[in-house]
Amino acid sequence: MCHHLQRQLNALQKRYHDGKGRILKGKTGLKLEWRQVLQPSRLSREYLILVKWAGLGCIPEVEV
């Protein structure tokens with residue numbers, strides 16, 4: 001498992017306690033996947049955020 005993905009996952013878990021993350025093995029290699037529900041204010045609706053990142057030098061994919 002790539003050390004930079006594991007370090008990033010550990011940092012996300014420390015900072016954002018409500019989110020869930022894992023490292024997936026796919027056809028193109030390892031990817032970090034992070035899911036979190038965000039609600040900007042009590043009156044606004046909730047948004048499910050999904051971020052996929054393949055590592056250093058790659059642009060993260062973000063879905064809202």
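# Reading a predicted model by its definitions

Me: What elements does the protein chain have, and in which order do they run?
Reply: There is one helix and there are four strands. From the N terminus on, the order is α-β-β-β-β. The C-alpha atoms fill a box of roughly 40 × 20 × 20 Å along the principal axes.

Me: What makes β1 and β2 a pair?
Reply: Strands pair if DSSP finds at least two bridges between them. Strand β1 (residues 20-26) and strand β2 (residues 29-38) have seven bridges. Therefore they count as paired. Their sense is antiparallel. A hairpin of two residues links β1 to β2.

Me: How do you know that β2 also pairs with β3?
Reply: The cut-off is again at least two bridges. Seven bridges join β2 to strand β3 (residues 47-53), so the two strands pair. They run antiparallel. Val37 has Leu48 in β3 as its bridge partner.

Me: Why is Glu33 called buried?
Reply: Buried means under 20% relative accessible area. Glu33 has 6%, so Glu33 is buried. Its place is in strand β2.

Me: Which residues does Glu33 contact, leaving aside neighbours within four places in sequence?
Reply: Glu33 is in contact with Lys20, Gly21, Arg22 and Leu24, and also with Leu50, Val51 and Lys52.

Me: Why does Thr28 count as exposed?
Reply: Exposed means over 50% relative accessible area. Thr28 stands at 77%, so Thr28 counts as exposed. Thr28 is found in the loop between β1 and β2. Thr28 and Ala54 are 26 residues apart in sequence. In space, their C-alpha atoms are 8.9 Å apart.

Me: What makes the set with Leu5 and Trp53 a nonpolar core?
Reply: Such a core needs buried residues of listed kinds, Leu, Ile and Trp included, joined through side-chain atoms within 4.5 Å. The largest nonpolar core has seven residues: Leu5, Leu9, Leu12, Ile23, Leu32, Trp34 and Trp53. Helix α1 (3-15) and β2 each supply at least two of the core residues. The largest share, three residues, comes from α1. In soluble globular proteins, nonpolar side chains tend to be buried together.

Me: Which residues does Leu9 contact beyond its neighbours within four places in sequence?
Reply: Leu9 is in contact with Gly21, Arg22, Ile23, Leu32 and Trp34.

Me: What percentage of the protein chain counts as buried?
Reply: Of the 64 residues, 20% count as buried.

Me: What share of the contacts with a separation of 6 or more comes from residues 24 or more positions apart?
Reply: Those residues account for 18% of such contacts in the protein chain.

Me: How many side chains are positive, and how many negative?
Reply: The protein chain has 12 positive and 5 negative side chains. The centres of the two sets lie 6 Å apart.

Definitions and conventions. Residues numbered from 1 in each chain as written. Predicted model: local features only at pLDDT ≥ 70, side-chain atom pairs only at ≥ 80, totals over all residues. Heavy atoms only, no water. Buried < 20%, exposed > 50% of the residue type's maximum accessible area, 1.4 Å probe, protein only. Contact = heavy atoms within 4.5 Å. Lys, Arg positive; Asp, Glu negative; His and termini not counted. Charge placed at Lys NZ, Arg CZ, Asp CG, Glu CD.
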